[in-house]
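Biologist: Please take me through this structure by question and answer, starting with single residues and then turning to the sheets and the chain as a whole.

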Amino acid sequence: MRMVYTGADEEDFIDARQRLLVELDAWSQMRQRMIDPVVAGAMLDYRFERDGLLGRWTREVLRGALLTWFPRKVVLLDPHSTSVLSTVEALMDFFDDADLFDERSEPPSVLRSFIRAIGPRFDDAMSERANYGLAKFWAVAMAEHGIDPLDEAEAQDFIDRVQQGEIEVDQMLLHEIAYRHYEGDPEVEAVEPTPVFALAADEDLAEAAGATPMVRRLRRFVDWVGDGRDLAAKGRLTETDARDLTEQLRVQDPADLMSLAKRTGVVRVLKGRLVRVKRAQPLLADSMALWRAALPHVVAEHSESLRRRNAEAHLAYELLESVQADDCATIPMLVEIMDDLAELTWRSADADPVLRVLDRLADFGLVEVLPATEEHFEDLLDFAGVDSVEEVPEDERQVVRMLPLGTKAMYEARAAAGVPTLTLEDMAAETAEVFFARVGPMPEEAFDEGARLWLRARQADRAIAELSELARRTDDFEHRMFAFQLLAEYGEAGVAAIAGLREHSAAGPAALSWLLDAGLIDASEVTGRERTYSMVDVLAAGIRSAGRKKALEEFAAQPRPAQLLFLADATICGHPRTREVLESMVVAHPDRAVSNAARKALDWLYEED
């Protein structure tokens with residue numbers, strides 16, 4: 001079962017939580033342990049909101065869940081430690097029995113001892129109303145007055161009556177809780193995953209910096225200044241020099257270029273003349289150092305206060321953050337994101353400010369702006385709010401991608417401000433599952449480099465054992481195939497490990513498919529059940545990553561009899577996501593006959609349950 005959901009969609013986590021709770025219930029009946037599914041579900045919710053590592057448990061994690069998060073958020077019919085902590089201990093025992101603990105968890109015996117000792121502190125924390133969160137305060141107050149908090153009409157009526165003075169609540173306590181809520185409560189708020197930066201090699205970055213239009217332009221500007229240039233009033237370029245500079249360097253704003261050169265420290269004003277800074281020669285010769293020195297002119301620093309930021313430099317930073325988060329963004333998407341940022345000193349529904357700043361970012365080699373292709377059209381239409389691509393202005397039919405220098409700039413800005421950052425080198429020290437969850441969605445070249453670092457960071461026998469164990473345990477098709485990909489890097493030993501999974505109930509069909517694709521076994525060795533199980537694996541993974549319609553396109557291209565035969569076999573192949581695949585076919589398959597057959601297969605599964 002997959003246990004890492006860092007940065008995953010909430011829907012994916014909810015599905016995983018439900019599967020875990022079903023397994024926990026079956027385990028508890030077999031072990032004759034009493035559990036409260038609400039408590040167990042709340043513990044999983046806490047892990048998802050904090051870092052998504054459902055199988056990583058330490059005393060510090062338990063302390064945050066039981067002494068802060070539960071008192072703030074969780075409303076229980078029986079909040080006493082006896083019932084709550086017995087469920088928490090059972091959850092830890094279940095993880096232990098099912099081998100679901102992350103290798104960085106503390107020993108189960110240590111966790112059990114901590115849970116058994118924390119009872120009095122838990123009871124005190126749960127009973128102290130000052131520990132409540134705002135939602136819990138109102139939920140408890142409503143319940144005490146016989147109001148169902150889930151009934152929106154009754155709940156709103158209750159709040160209105162409190163505000164009108166008809167019902168009394170502790171106003172001082174409410175004020176304290178509301179203040180904490182609106183100021184932010186970092187101990188219980190959902191935590192955004194720390195981004196992973198794939199940094200290019202220093203020599204590659206230096207070469208890229210030297211090729212940027214801005215670095216080349218700065219060097220040519222210093223050459224143009226020569227032995228010095230007389231300035232006009234207020235330190236401006238003379239009209240003749242401004243015109244000459246525009247013609248020679250083909251710049252639209254000579255004054256801005258001069259300002260950039262001064263800020264970079266390669267020229268200065270001396271007695272009414274613009275002159276070169278002699279000590280700046282080493283800086284001019286070092287492309288990366290020159291690029292770094294010039295960067296603050298176009299991108300505000302992460303820690304720079306809004307009052308000190310140039311509006312466009314602030315916008316540049318926000319644009320880079322948005323592109324970094326999405327890897328590739330359309331212009332209409334960026335316009336909408338920027339317009340929603342209330343702290344910006346400008347708000348505009350048109351794309352001109354965004355396009356202007358993107359041009360400057362491209363000059364610095366931070367991003368590239370490319371024409372949108374068909375794969376981006378749906379995104380264009382959604383954010384532009386139109387029905388056809390032709391209705392999107394031509395200069396907005398573009399996508400923005402981050403370049404290696406842009407990634408470097410964002411990484412250094414966050415690191416300088418003390419904001420948590422991760423690199424591929426950091427991820428090499430993580431478990432295989434965390435590595436796949438965080439680095440798997442990154443571009444292929446980043447994943448390949450990360451995989452090289454991950455493999456180099458551990459002994460071969462340890463890596464083979466960890467990857468094999470993950471392939472057996474996970475129900476995530478993509479993670480399992482990643483495991484096979486890395487195992488194959490170990491040659492015969494890795495292939496032997498994959499072959500050793502052939503008889504495993506869950507990993508076996510995927511292992512056989514991999515061995516078949518690699519030409520290491522004959523097609524006659526693959527059974528029908530294994531082919532069906534693998535096909536469900538592939539479809540389920542495609543539905544999660546690309547959506548129902550796209551995932552079913554290749555399947556629907558097969559002859560109808562083959563599709564109908566698959567549906568018959570899918571109901572008995574034993575894959576845990578068969579129901580999910582059948583539901584998608586009912587809704588999204590273009591062939592009504594196949595869609596109806598999928599509905600019948602789904603009905604049969606429900607009848608079997």
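Biologist: What is the place of Arg250?

Modeller: The model is predicted, so to speak of local features a pLDDT of at least 70 is needed, side-chain atom pairs count only at pLDDT 80 or more, and totals for chains, interfaces and linings use all residues. Residues are numbered from 1 along each chain as its sequence is written, and side-chain values use heavy atoms, with hydrogens and water left out. Helices (H or I, at least four residues) and strands (E, at least two) are DSSP runs, numbered from the N terminus. Arg250 is placed in the loop between H12 and helix H13 (254-264).

Biologist: Is Arg250 buried or exposed?

Modeller: Arg250 is not a glycine, yet its phi is positive, at about 55 degrees. Relative accessible area decides the class: under 20% is buried, over 50% exposed, and in between partly exposed (1.4 Å probe, protein chains only). With a relative accessible area of 75%, Arg250 is exposed.

Biologist: What is the relative accessible area of Lys234?

Modeller: Lys234 is found in the loop between E2 and helix H12 (239-249). Its phi is near 60 degrees, a positive value in a residue other than glycine. Lys234 is exposed, and its relative accessible area is 76%.

Biologist: Which residues does Leu20 touch, not counting those up to four places away in sequence?

Modeller: Leu20 belongs to helix H1 (residues 10-31) and counts as buried, at 3% relative accessibility. Its C-alpha atom is separated by 9.5 Å from that of Ala40, 20 residues apart along the chain. Taking contact as heavy atoms within 4.5 Å, Leu20 touches Met1, Met3, Leu44, Leu54, Phe94, Phe95 and Leu100.

Biologist: In E4, which residue is the bridge partner of Asp230?

Modeller: An open sheet of three strands has the order E2-E4-E3, with antiparallel pairing; two strands pair if DSSP finds at least two bridges between them. The edge strands, each pairing on one side only, are E2 (229-230) and E3 (267-270). E2 and E4 (residues 273-276) are joined in the antiparallel sense over two bridges. In E4, Asp230 has as its bridge partner Arg273.

Biologist: What angle does the direction of helix H11 make with that of E4?

Modeller: Helix H11 (residues 213-225) packs on the sheet and touches E2, E3 and E4. Axes are lines fitted to C-alpha atoms, for helices over the stretch in contact, and angles run from 0 to 180 degrees between N-to-C directions. The direction of H11 makes with that of E4 an angle of about 120 degrees.

Biologist: How far apart do the centres of the positive and negative side chains lie?

Modeller: Lys and Arg count as positive and Asp and Glu as negative, while His and the chain ends are not counted. The place of a charge is NZ of Lys, CZ of Arg, CG of Asp or CD of Glu. The protein chain has 69 positive and 114 negative side chains, and the centres of the two sets are separated by 7 Å.

Biologist: What percentage of the residues of the protein chain count as buried?

Modeller: The protein chain has 32 helices and eight strands. Its C-alpha atoms fill a box of roughly 90 × 75 × 55 Å, taken along the principal axes. Of its 609 residues, the share that count as buried is 47%.
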